[in-house]
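Morning, everyone. Have a look at it first.

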Amino acid sequence: MGGTYLRNWRDFQPKIAHLSAVHWGGLRAVERDSGDERDRLTRLGGFARHALQGRKTSDHHKHESLEQVYYVLSGAGEVLYDGSRYAVEAGDAIYLPSGVHHQMFNDASDDWLEHHVISQPVDGNGGRFCVRHWRQASPDGDGGGAVRWRQLEPEDGCGPGACLRGMASIDRWAVQPHSTSAEHAEDELEQVCYVLGGRGILHAAGSEHEISEGDMAHLPPGTRHAVHNPHEDWLTFLVMAA
């Protein structure tokens, strides 16, 4: 399971989940022991893509001892959490504490509502519900050619996005045209990078990988990596860590 693993969500066969959502399975935990190449996460619990067509809703459900983050990729709708509905749109990271009912609504639009579902096992239930758009976070330069927006952080942090109990961070990154991010490695963290827009080259563990919208890359702990953008447009990606 070592090394960088790269696939596009379009490579996987979709299925229907949560009543009306089209679900493309992404990366999953190794303890599934199914022989599937996607079962390689050792810290993160899971990562998948959902799409809810216009005029539809998902089912009303909850997860015991499992926190989730919904990251809205396109469209706009509402999320029901603990009896109240909250407006959400592309760029929102929605933290859903374990053990509380939730539901996605796209019943007021004809357009698709697409979002990631990022899951992480936690001890017990509870937590602080949070909806935070990436523009609400302050941008930080990485010392190279990239900018980071930290949308969600651990619950013991001091910022408005401090809510994560099991995950380490949910970050949005952008690499400017004809530039490269600083090279770095997270010795204690497993990361998944998902390309939101643009094209570029991922340098990881001594290898080069061409990346474009929809690609997901699994970076085991300690993987040294950088992202190069040789094109005219910005390259944006989401980084999930645990």
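Which residues line the second largest pocket? Before the list, a reminder that this is a predicted model.

The lining consists of Arg 148, Arg 150, Ala 168, Ser 169, Asp 171, Trp 173, His 184, Glu 186, Leu 189, Gln 191, Val 239 and Ala 241. Sorted by class, that gives five nonpolar, three polar and four charged residues. The volume of this pocket comes to about 160 Å³.

Now the strands behind that list. At least two lining residues come from each of β15 (146-154), β17 (169-175) and β24 (235-241). The top contributor is β17, with three residues.

How many cavities of 30 Å³ or more does a search of the whole structure find? The count is four.

Around the largest cavity sit Asp 142, Trp 173, Ser 181, Ala 182, His 184, Gln 191, Cys 193, His 225, Val 227, Phe 237 and Val 239. In class terms, six of these are nonpolar, four are polar and one is charged. Here β19 (191-197), β23 (225-229) and β24 each provide at least two lining residues.

As for strands, β24 supplies at least two residues to the pocket lining and at least two to the cavity lining.

That is what I have.

How values were computed: Residues numbered from 1 in each chain as written. Predicted model: local features only at pLDDT ≥ 70, side-chain atom pairs only at ≥ 80, totals over all residues. Heavy atoms only, no water. 1 Å grid on protein atoms, 1.4 Å probe; cavity = no way out; pocket = protein on both sides within 12 Å on 5 of 7 lines; lining within 4 Å. Points joined across faces, edges and corners; volume = space filled by probe spheres on them. Helix = DSSP H or I, 4+ residues; strand = E, 2+ residues; numbered from the N terminus. Nonpolar A, V, L, I, M, F, W, Y, C, P; charged D, E, K, R; others polar.
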